[in-house]
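Subject: Structure handover

Hello,

Here is the structure I promised to pass on. Please open it first, then read my notes below.

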Amino acid sequence: MTRALRTGTDCAAWRELQSLAGQLLSTPTRRLFEQDAQRFAHCCAQGAGLALDYSRQRVDVRVVDSLVALADQLELRERAAAMFAGEPINTTEGRAVLHTALRRPGGTPLLVAGQDVDAQMMAERERMLDFAERVRSGAIRSSAGRPFNLVVSIGIGGSDLGPAMAVQALRPFCADTPRVAFVSNVDGNELSDLLREADAARTLFIICSKTFTTLETLTNARTARAWVLERLGAAALPAHFAAVSVNTRAMDEFGVHPEYRFTMWDWVGGRYSIWSAIGVSLAIAIGRTHFEAFLAGGRELDEHFRTAAWRENLPALMGLLAVWNIDLLGLPTLAVLPYDSRLARLPAYLQQLQMESNGKHVKLDGSPTTLPTCAVIWGEPGDNAQHSFFQLLHQGTQRAALDLLLPINSSSGNQPQQNLAIASCLAQAEAFALGHSAAEVREELARSKLPEARIEALIPHKVHEGSRPVSLLLFEQLDPRTLGRLIALYEHAVFVQSVVWGNNAFDQWGVELGKQLCERFIPFVEKPTTAGGQSGSLQGALQFVQRWRHG
Ligand code: F6P
């Protein structure tokens, strides 16, 4: 029987936080710095090779104390232990949540529903890594006996975003290997663009789908199969398709050769699956050694999350600060802003990780959540963002919390340019937090030759209010180990938030309705005249389909 679990609002610490929120909202961040000369030391935590500077968040010692008390009152340590131990905390699907197990070295029992699956999990990792190495080296060849020069990973959501983000992030570790490309959307355009340049005799497709029922993935996979069939013939097909899924029968039906298929696990959700065989495209791109470093990075962060005191615990702090920003300060969005353009897909990856996990309206017991859950996540590499939407963040009326990710060393050996990125990031962090007061603007303009009246007219336009909450996440360099740490950091921060809100971070019922409707609408799109009885809007749109469709 499910034990009734406390949520944030059931805790005494929550009332403390509510009373502090009013005070902090009326305290500019500048004043927080004036009040505490040691603010940076008090608000910077370090662990697993990462540093989290939250000194520019709208918190003081009392808020941090209350957030830590909240974690204790929620028994966060025990809740995390239950996850690591494989308890079925994904209650609506009756599943354990063991993505953390995929980063373990193996050799210790891994109990899922009373069964030790460690050997099975390790054997599959070995098989996947061996396959990846042999594709890289050219030992696995195409039907024409040629090494592959293009690997196309076909998947969507959790079966795409992680590897796609990571391959881009780790480009410098991909030398001399087949190019790895990703196809996800159902419209077929990504695949078409890719295949226009591809040589069928040197192209390997990997179909990644936990369920092997996803419309987008199967449609693209069938298009790819038809493309190979047309160019190389039926006998060539098995050499050109690999797959990752829990659905062995569907892989069979698609004709995937048993040696080229890899299993994943019910106890790992799609958006947490990059650590599994879903990472095969990443392993092909960066190779075994770097993939193992990636896993090791995730593992280090797991250890940190399990053992560090909450005040030093990066994922706990990040998760608790997110709750503070969303629920107590009323900030409904979080912008993720990396200062390494190789992390351009990180915001998209984190959108699924966070919003599919915690975008929920009910608690574990099915009752409505009493708090807003999960920020809207968005973002872009920081410099692009500066020259695009930072205006709104500095001076607009909408507010967002900000995560700035800052590697200290260049990931392409161009340190002078990375130094500029560092300066740019720090400049924005300061500007967001401290702003630019009317007095400072006046003083600045006074040095110009402008008439007094003009100066006074300009001042309101140039004031930056500041007090935008910023977390600065610093790390040495973007490499496989660090990327593993970063992903695991956000994963655990998501878990922490779900504990406060009391929702299930590991199901995703909200994606089903659209999928069902899409299946129903396919015939209407094919033959719009059959849509009688549907909503006026649907029929109206279908009339345009009929009128404007060329073929
Ligand atoms: O539509 C959302 C979703 O169910 C995700 O949770 C999942 O990562 C994605 O679709 C892909 O699913 P599959 O791996 O089964 O193709």
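A word on naming: helices (H or I, at least four residues) and strands (E, at least two) are DSSP runs, numbered from the N terminus. Residues are numbered from 1 along each chain as its sequence is written. This is a predicted model, where local features need pLDDT of at least 70, side-chain atom pairs count only at pLDDT 80 or more, and totals for chains, interfaces and linings use all residues; side-chain values use heavy atoms, with hydrogens and water left out.

**A loop residue**

Ile89 sits in the loop between helix 5 (76-84) and strand 3 (111-112). Contact means heavy atoms within 4.5 Å. Leaving aside neighbours within four places in sequence, Ile89 touches Ala82, Met83, Arg95, Val97, Leu364, Phe495, Asn504 and Phe506. Ala493 is 404 residues from Ile89 in sequence, and 16 Å away in space, C-alpha to C-alpha.

**The sheet**

Two strands pair if DSSP finds at least two bridges between them. An open sheet has 6 strands in the order 1-2-13-12-10-11, with mixed pairing. Strand 1 (44-47) and strand 11 (376-379) are at the edges with a single partner strand each, so one side of each has no neighbour in the sheet. From one strand to the next, the twist averages 20°.

Now the pairs:
- Strand 1 and strand 2 (residues 50-56) run antiparallel, joined by 4 bridges. Gly47 has Leu50 of strand 2 as its bridge partner.
- Strand 2 and strand 13 are antiparallel too, over 5 bridges. Ala51 is bridged to Leu474 in strand 13.
- Strand 12 and strand 13 run parallel, with 6 bridges. Leu402 is bridged to Val470 in strand 13.

Strand 13 is largely enclosed by the rest of the structure, because 5 of its 6 residues are buried (under 20% relative accessible area, with a 1.4 Å probe, protein chains only).

**Helix 19**

Axes are lines fitted to C-alpha atoms, for helices over the stretch in contact, and angles run from 0 to 180 degrees between N-to-C directions. Helix 19 lies across strand 2, strand 10 (333-338), strand 12 and strand 13, at about 150° to strand 13.

Helix 13 (residues 346-358) packs with helix 19 (residues 480-501) at about 20°, the axes 10 Å apart. That makes the two helices roughly parallel (angles under 35 degrees). Residues that meet include Tyr349 and Leu353 in helix 13, and Tyr490 and Trp501 in helix 19.

Best wishes

Technical notes: Angles under 35 degrees count as roughly parallel, over 145 as roughly antiparallel, 65 to 115 as roughly perpendicular and the rest as oblique. Buried means under 20% relative accessible area, exposed over 50%, partly exposed in between (1.4 Å probe, protein chains only).
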